[in-house]
Structures are given as structure tokens and as C-alpha cells.
Amino acid sequence: MAKLIMSLDNAVIREVPLDKERVTIGRKPHNDIQIDNLAVSGEHALIVTILNDSFLEDLGSTNGTLVNGNPVKKHILQTNDVVEIGKYKLKYVNETNAGQATVADFEKTMVLRAPIPKAGGGAPAGSFGDTQINPTATTTQSRPQQTTVTPAAKPVEKLAAIQILTGSSAGKELELTKNLTTLGKPGVQVAVITRRPHGYFITHVEGASYPVINGKTLDAQAHQLNDHDVIELAGVKMEFFFKNS
Amino acid sequence: MAANLSTALEVATATDPGMVRSHNEDSIACDAEIGLAVLADGMGGYNAGEVASGIAVAMLTTEMKQGLAEHDPHKVVDGTGEPMGAALIRENSAKANAAIYQTAKSQPQYAGMGTTLVVALFFDNRMSVGHIGDSRLYRMRKEELTQVTRDHSLLQEQIDSGMLTKEQARYSQNKNLVTRAVGIDPDVETEIHTYDVEQGDIYLLCSDGLSDMVTDEDIQATLDAMRANLPLAAKQLVQLANDCGGRDNISVILVRILDDFAAPTGWFAKFKAWFR
């Protein structure tokens with residue numbers, strides 16, 4: 001059975017089993033989980049449990065409800081989610097779900113069924129029974145215990161730059177802070193330097209001639225750049241190097 | 001008879017299972033000649049997802065091709081006022097839905113399979129887009145990237161109803177729940193809109209494996225930097241999603257408008273057509 005482990009300042013206060021369909025959380029005494037603290041609203045939040053799945057809903061509280069640090073109104077609880085209400089933390093633990101799902105199950109797209117609105121009445125009630133995908137199926141897979149923040153492409157730790165060696169802007173330095181840096185002249189010759197987790201890569205984009213690295217002409221493939229490589233592009237020489245910082 | 005658009009459109013595609021999944025449940029197809037691009041992201045156990053997305057894409061490409069051989073996509077359909085192209089998308093996605101639904105019902109190993117779908121049909125300097133689920137179409141016009149389709153997902157509904165801001169949505173854990181899919185119910189409603197296109201526009205059709213992993217800003221930067229080399233841009237987008245974790249299959253279709261492709265009008269065109 002699922003339960004909530006309630007703690008304040010990292011000290012566990014008590015464990016609450018989610019043994020009924022509706023468990024209310026709030027400051028007032030009639031709540032199933034009473035938290036007598038002024039930061040908590042009278043009726044603060046509600047957890048609805050159906051079979052193996054629990055749904056958290058904020059009941060329009062003044063100070064809000066956080067799950068894993070993010071404010072939520074409605075949330076399908078996953079094991080090890082931490083619900084924060086005021087200074088109190090409630091960790092959701094559901095042993096029956098934990099550890100069963102593999103990483104491959106992560107974020108599989110699933111259908112949350114809603115009857116199709118039709119002019120001639122709703123979908124026949126019987127159609128819900130014979131289908132395989134239903135609302136409860138959407139949560140039976142638990143996910144790895146991490147927040148699913150879309151990470152920005154994690155760039156390489158070490159910052160690199162290029163310095164122009166020849167031409168009118170010789171001596172100019174360009175730090176490669178962006179994920180993509182374009183070099184060259186559109187319509188003539190363009191290459192991009194991409195910043196990836198395992199290094200910087202240069203790729204030819206357009207133009208009849210390809211970039212030359214240390215005297216060797218590149219092909220259409222991306223080429224990883226090493227410290228002090230000399231790039232020749234559209235008649236301009238430049239040096240690639242890692243910055244020491 | 002529809003016109004041949006292969007000189008007006010440039011198409012590039014890329015699809016990849018990603019870093020985590022062992023097989024690719026996405027299916028894609030394009031036919032520059034008839035101006036069609038189709039992308040589907042299948043779901044369901046074992047290989048059912050591939051089967052569902054495969055049926056959807058195969059169905060759409062063959063049926064649309066046949067439909068376009070018989071009808072002019074720019075002609076207005078009597079009664080509804082929408083162009084024939086949009087009507088064809090509606091009709092054929094309904095056919096794909098029925099096919100997947102029937103297969104799932106008759107073969108137990110495919111029970112419950114479904115797929116998302118995004119279809120773009122180009123005709124007469126316009127584009128009709130049909131979509132179901134959370135596969136998207138973006139438009140890159142000049143330097144600006146705009147999301148054209150709106151996901152049929154729980155998250156989008158929460159954003160629409162004001163429960164979540166776009167910023168909060170990025171951190172939501174319920175990203176993967178779609179509210180509409182092909183092949184789940186006997187009927188499905190395809191959301192279809194028609195837009196004008198301009199020369200130089202780049203259209204991006206993608207599965208959520210790209211849009212969940214890569215921010216819109218990074219997609220925009222990539223398309224902007226690599227606009228001269230479409231195949232490379234497609235490859236780079238997939239690579240970018242993989243660099244960010246690649247947790248889902250990634251599919252990308254890029255379509256660039258090279259030239260004007262207005263439907264022939266006037267007596268001379270009709271005269272010429274008469275002799276063909």
C-alpha cells in the first residue's frame with residue numbers, strides 16, 4: 001500500500017498510510033492529515049487513491065503545494081515524489097510500483113482517454129470496457145526517481161574559443177559559448193561549430209569548398225576539434241583552442 | 001490532377017531510435033511530388049507501436065496519392081468551404097484510424113495499440129496540416145520559429161485551462177499523456193487547419209522525442225544556422241536530442257519552400273489541361 005512519510009526539517013514525524021479513497025490535508029482538525037501551521041490552508045490539498053495510483057490535488061490553497069520543488073495543481077504521484085506543504089515534506093512511497101519499471105518504460109507516450117465529444121450523444125459506455133488503454137493504465141508504470149526536467153544540451157565543461165589569424169579582423173577572439181556557432185559567409189561558405197557533451201565539432205554546411213583543418217580538407221562528416229587546430233574557411237585562417245579557467 | 005511539386009519543395013528526413021529505446025516506433029514518409037509529409041509516433045506493447053505507426057503512414061501515403069490523382073487539392077469542397085486537400089486528410093486519417101482499430105481488435109497481440117499523427121499537404125501556395133496527439137509541426141519563417149500545431153495532451157489542456165504556465169509545463173512529469181490518438185477508438189477527430197506558405201519557409205514535423213528533449217530556442221538556432229543544408233539540419237536536430245538524453249525515438253521531417261507553386265488558373269491552364 002502507498003504511504004506518505006511526513007517530515008519537518010529532515011526529522012520524520014509520522015507515516016500516513018493512504019488506506020482510503022480520499023485523504024485530505026489541511027490546518028483544520030477535520031482533515032485526515034492535520035498540519036497545525038499557519039502556512040497551511042484550512043483545506044489545503046487532497047489525495048485521491050484509486051487501486052494502486054494516487055492523485056494529488058491542491059484545493060486552492062493560499063501558499064500552494066509543491067511536488068519535487070515545482071508548484072502543482074493536480075499531479076499523479078510517482079513513488080519517491082516529495083510533496084511540500086508549508087515547511088512540511090511528505091514523501092510518497094508506493095512499494096508495489098517501485099523498481100518494477102525499467103528505464104525503457106520511461107516517458108512512453110500513452111493515451112489518456114476521454115470520450116470523444118459527438119453531436120449525437122457521448123461514446124457508448126460499453127466501449128470503455130473493451131479497450132486496453134485506460135486512465136489507470138497511465139500511471140501503473142513508475143519512472144526513474146528523478147525529476148523529468150528537460151535538460152538543455154549539457155555542453156562540454158571546458159570552454160573553447162577561436163582566434164582569427166589572418167584577414168582584416170586578425171587577432172579577434174570569439175568564445176564558443178553557444179551550442180551552435182556559425183562561421184563563414186552565407187551563400188559562399190558556411191560551417192558550424194557545435195558544442196556537444198564530449199567536445200566541439202565542426203561541420204560543413206554550404207559552399208563548394210570544405211573547411212580545411214591543419215592543412216587537411218574535411219569531408220561532409222562532422223570533425224572533432226582538438227586544442228590548437230587551425231581552421232581555414234573562406235580564405236580566413238583561425239585557431240581553435242580551449243580556454244584555461 | 002494535382003501538380004508536380006518536386007521542384008517547389010525540398011525535403012529532408014531523419015529518424016533515430018534514440019539513446020534508450022531498443023527499437024524505433026516512429027514512422028515517417030514524404031512524397032515531394034504530391035507535396036505530402038507524414039509522421040507518426042506509435043505506442044503499445046512489444047512491436048505494436050511500430051505496427052500502428054506503420055499502418056498510419058502507409059495508409060496516408062497511398063490513399064492520399066490516389067485521392068490527389070482524382071481531385072484537385074485546392075478546389076473548395078461544396079458545403080464545408082474547406083479545400084479538397086484538407087478534406088482528403090480528414091477522410092484518410094479516418095481510414096487509417098479504422099484500419100488500426102480493426103487490426104488491434106482482431107489480433108490480440110496488437111490490442112490497445114495506437115499512434116499519434118501529423119500530416120502536411122502542400123498545394124497552391126498553401127499547406128493543410130492535420131494532427132492527432134503530440135507530434136508537432138513548426139514553421140521557421142525568416143529567423144522565427146513558431147509552433148503551428150497544438151498538442152492533444154493533458155499538459156496542453158492544463159496550460160489552456162490556466163492551471164500551468166508554459167514555464168511550469170517544462171517541469172511537469174505528465175508530459176507523456178496524450179488525450180487523442182489514432183486507432184484507440186472507432187472514431188477520431190483530426191484537427192485540420194490550412195495556412196498560407198511563403199517562399200523560404202522551412203516546415204518541421206517532429207515526434208515528441210525531439211520537442212521534449214530540445215528547447216524551441218535550440219531548434220530555432222539549428223534551423224537558422226543550417227538552413228542552407230537541410231539534410232544536415234535534420235541530422236543535427238536528432239543529434240541534439242540524443243545529446244540531451246535521447247529518451248524517446250526521434251523523428252524529423254524538414255520541408256523547405258523553394259518556389260512558388262500556385263495552382264494554375266485561367267483559361268490557358270484549363271486549355272492545356274484539356275489536351276493532356
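This is a predicted model: local features need pLDDT of at least 70, side-chain atom pairs count only at pLDDT 80 or more; totals for chains, interfaces and linings use all residues.

Let's look at helix 7 of chain B, which covers residues 230-243. This helix has 14 residues, and the distance from its first C-alpha to its last is 20 Å, close to the 20 Å expected at 1.5 Å a residue.

How much of helix 7 of chain B is buried? The count is 11 of the 14 residues, so the helix is largely enclosed by the rest of the structure. Among the buried residues are Leu232(B), Ala233(B) and Ala234(B), and the list also includes Val238(B), Ala241(B), Asn242(B) and Asp243(B).

What do these buried residues pack against? Within chain B, their neighbours are strand 1 (9-16), helix 5 (208-211), helix 6 (216-225) and strand 11 (250-257). From chain A, strand 16 (189-196) and strand 17 take part as well.

Two packed helices are described by the angle between their axes and the distance between the axes. Here the axes of helix 6 and helix 7 of chain B come within 9 Å and cross at roughly 150°. Angles over 145 degrees count as roughly antiparallel, and these two helices are therefore roughly antiparallel to each other. On the helix 6 side, the contact is made by Asp218(B), Ile219(B), Thr222(B) and Leu223(B); helix 7 of chain B contributes Ala233(B), Gln236(B), Leu237(B) and Leu240(B). An α-helix has 3.6 residues a turn, so residues three or four places apart point the same way. As for handedness, helix 6 of chain B passes helix 7 of chain B in a right-handed crossing.

Just after helix 7 of chain B comes Gly245(B), with a positive phi of about 130°.

Now over to the neighbours from chain A. Strand 17 (residues 199-206) is joined to strand 20 by 2 bridges, and Phe201(A) has Gln224(A) as its bridge partner in strand 20. Chain A as a whole has 0 helices and 22 strands, and buried residues make up 26% of its 245 residues.

Methods: Residues are numbered from 1 along each chain as its sequence is written. Chains are lettered from A and ligands numbered from 1 in the order in which they are written. Two strands pair if DSSP finds at least two bridges between them. Helices (H or I, at least four residues) and strands (E, at least two) are DSSP runs, numbered from the N terminus. The expected span of a helix is 1.5 Å times one less than its number of residues. A residue is buried if 20 or more other C-beta atoms lie within 10 Å of its own, exposed if 12 or fewer, and partly exposed in between; C-beta atoms are placed from the backbone. Two residues are in contact if their C-beta atoms, placed from the backbone, lie within 7 Å. Axes are lines fitted to C-alpha atoms, for helices over the stretch in contact, and angles run from 0 to 180 degrees between N-to-C directions. Angles under 35 degrees count as roughly parallel, over 145 as roughly antiparallel, 65 to 115 as roughly perpendicular and the rest as oblique. A crossing is left-handed if the near helix is turned anticlockwise from the far one by less than a right angle, and right-handed if clockwise.
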